[in-house]
Structures are given as C-alpha cells and as structure tokens.
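Let's take a walk through this structure together. Have the sequence and the 3D view ready, and we'll go step by step.

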Amino acid sequence: MAELIAKTPCEGLLPLTVGGVSLTEENPGVMTVVAPFRGREAALAQAMRAAHGVAFPAPNRSAVRAGARAIWFGRGQALLVGPEPDPSLAEHAALTDQSDAWALVRIEGERVEDVLARLVPVDLRVRLFKRGHTARTLIGHMAGSVTRVGPRAFQLIVFRSMAATLVHEVRTAMEAIAARGVLEG
Amino acid sequence: MRIPCPICGERDRREFYYKGAAVALDRPGPDAGEAAWDAYVYLRENPAGRTRELWYHEGGCGAWLVVTRDTVSHEIFGAELAGEADV
Ligand SMILES: [Zn+2]
C-alpha cells in the first residue's frame, strides 16, 4: 500500500525573515470548530472550562491555557486549537474537525504592526488590540483570522488552499516596510 | 464608509458584501397573489436618501445585517442583525 506523505500547508514556503520581521508556520495539531447549539452556550462554556481550561470566547477574544487555544471564529463559532475536543463538548455544540483546512502562521518583529497595517483593515495597534484580542477580518483579499499573541507577535489563519497567497502577500508587505526602513534610516 | 457590525464592532466597508434593499425580510405569503410576488422578486425603489439594506459580513463574523444608510451622503445610521430586525 502506498505511504502518503503528510505536508504542512506552508511547507517549502516558510520560514522567512525580512527587515527584522519573521514569518513562521505553526503546526498546532488538532483544530476543531465548536458551534454551540441554541441555548446551550453557558453549558458549553462550562464543559470547555472543565475539559480544556478555556471558556468559549466572547466575540473578538481568544484564550489560551496549557496548550489549548480557543479563538472566537465568527458568529456562534470558536476554533479550538491543540487538543482533541473532549467528548463532553458534543452534548452542547456541533464539533467539526478542520485540522487540515487551515494554514496557521506566526508573524513577529519590531515592525509587525506596520506590516499588518498594509494588509488588515482593522486597527491592530497594541493600545486597542491587546494580547488575546482576535478579529475575523481580511488579510489582503483573503478572509482570515488575526490574533495578537504577544507584544510584537500575531497569529494569522487563512484557508489552507490560500497558504501560498498568504505568504506572498505578507512577504510583499514585509519587503515594503523593510525598504521604507532603509530610506528613513 | 464604515459599518457598525453588532457582533464585531465598527469595520471597514471592504469586509462586507452588499445584497440590496432589505425587501427580502418582507417575503409575501404563498397566497399573496401575483402582483405581490412580482413586486417582491422584481421591483425595487431607487431612493435618494435614507434606506434599509442587507449587507453580509463576509470578511468578518458571517452575520447578515440590516444597515440603515443614506444613499446620497453615505452616512450610516446603524446596523442590526437581520434575524432580529423589524420587517
Ligand atoms: Zn461581524
């Protein structure tokens, strides 16, 4: 029988560093979309807290605990990243395994906000968009998810099929910011 | 132009897909007759001024919204979830 070779979404494309900003792929393991049934939001939040240590996040928020990250992922949806979802969650929510559906990257560096300002129509400055804040928004022309994971670090998520476009768009923005840095310096 | 999504907050117009006048919320009954259905499916006003429209937060949370907007000034007066909007 043929042995299939697993490839990550950004294989051969990353890592990449331009002008002090780095772009690296994250391979977080299992990704599950959790969509609470009507009226079961509170019970789901409790089950998630008990099983994974993170509650169902409010809109525009995410939470992380011991390898489990819960990212608000749209109306009535969160993305549970890391662990296999506990079976108790299925009582209160529809669970969809989307582990192979998304490309996750981490972008980090001194001028990361300047880079993302070229791509994302949301104000990501730390004064307004703090660690753990997240947005479903556009990254270039792609619908995606943007989460601040550190003082100068963000996680970006787009459809796996758009991984190469994501890397291209971010690289172009990184190069433009790096070039401005040279001119200003 | 910025639209205040009730879920995401105020967002750039680029994140939204425009559907048109919010007539879809006012679907006639099955027995309403040909004239009512003709108006519902085909006939649209072309208002200059305040109007209610359906927008889809495609590049955001995925909610359908009813946005009240002035077609002349592009002023946005507000937005509500289509599922909770008055017809
Ligand atoms: Zn929204």
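Predicted model: local features only at pLDDT ≥ 70, side-chain atom pairs only at ≥ 80, totals over all residues.

Let's begin where the two chains meet. Chain A and chain B bury about 970 Å² between them, and 55% of that lies on carbon and sulfur atoms. In terms of residues, 12 from chain A are in contact with 12 from chain B. What holds for polar contacts here? There are 5 residue pairs in polar contact between chain A and chain B, counting pairs with both residues at pLDDT 80 or more. Salt bridges between chain A and chain B, on the other hand, come to 0. If you look at chain A's side of this meeting, S9(A) gives the most to it, with 4 residues. Sorted by class, that side of chain A has 7 nonpolar, 3 polar and 2 charged residues.

Now stay inside chain A, which is divided into domain 1 (16-27 + 100-184) and domain 2 (30-97). Taken over C-alpha atoms, the centres of these two domains of chain A are separated by 24 Å. Where they touch, 12 residues of domain 1 are in contact with 11 residues of domain 2. Together the two domains of chain A bury about 1,000 Å², with 63% of it on carbon and sulfur atoms. Three residues stand out on the domain 1 side: A:Trp102, A:Thr134 and A:Arg136 supply 45% of the area that domain 1 buries against domain 2, more than any other three residues.

The interface between the domains of chain A has 0 salt bridges by the rule, but it does have 3 residue pairs in polar contact, both residues at pLDDT 80 or more. Strands S8 (102-109), S9 (134-139), S10 (142-150) and S11 (153-159) of chain A each supply at least two residues of the domain 1 side. By class, that side has 5 nonpolar, 6 polar and 1 charged residues.

Finally, hop over to chain B and find B:Arg2, in strand S1 (residues 2-5). B:Arg2 touches B:Glu10, B:Arg11, B:Asp12 and B:Ile76, leaving aside residues up to four places away in sequence. With B:Glu10, the link is a polar contact between the two side chains, at 2.7 Å. B:His74 is 72 residues from B:Arg2 in sequence, yet their C-alpha atoms are 9.7 Å apart in space.

Note on methods:
Residues numbered from 1 in each chain as written. Chains lettered and ligands numbered in written order. Heavy atoms only, no water. Domains from an automatic or database assignment. Contact = heavy atoms within 4.5 Å. Buried area = accessible area lost by both parts, 1.4 Å probe. Salt bridge = Lys/Arg side-chain N within 4 Å of Asp/Glu carboxyl O. Polar contact = N/O pair within 3.5 Å; in protein donor to acceptor, adjacent residues only side chain to side chain. Nonpolar A, V, L, I, M, F, W, Y, C, P; charged D, E, K, R; others polar.
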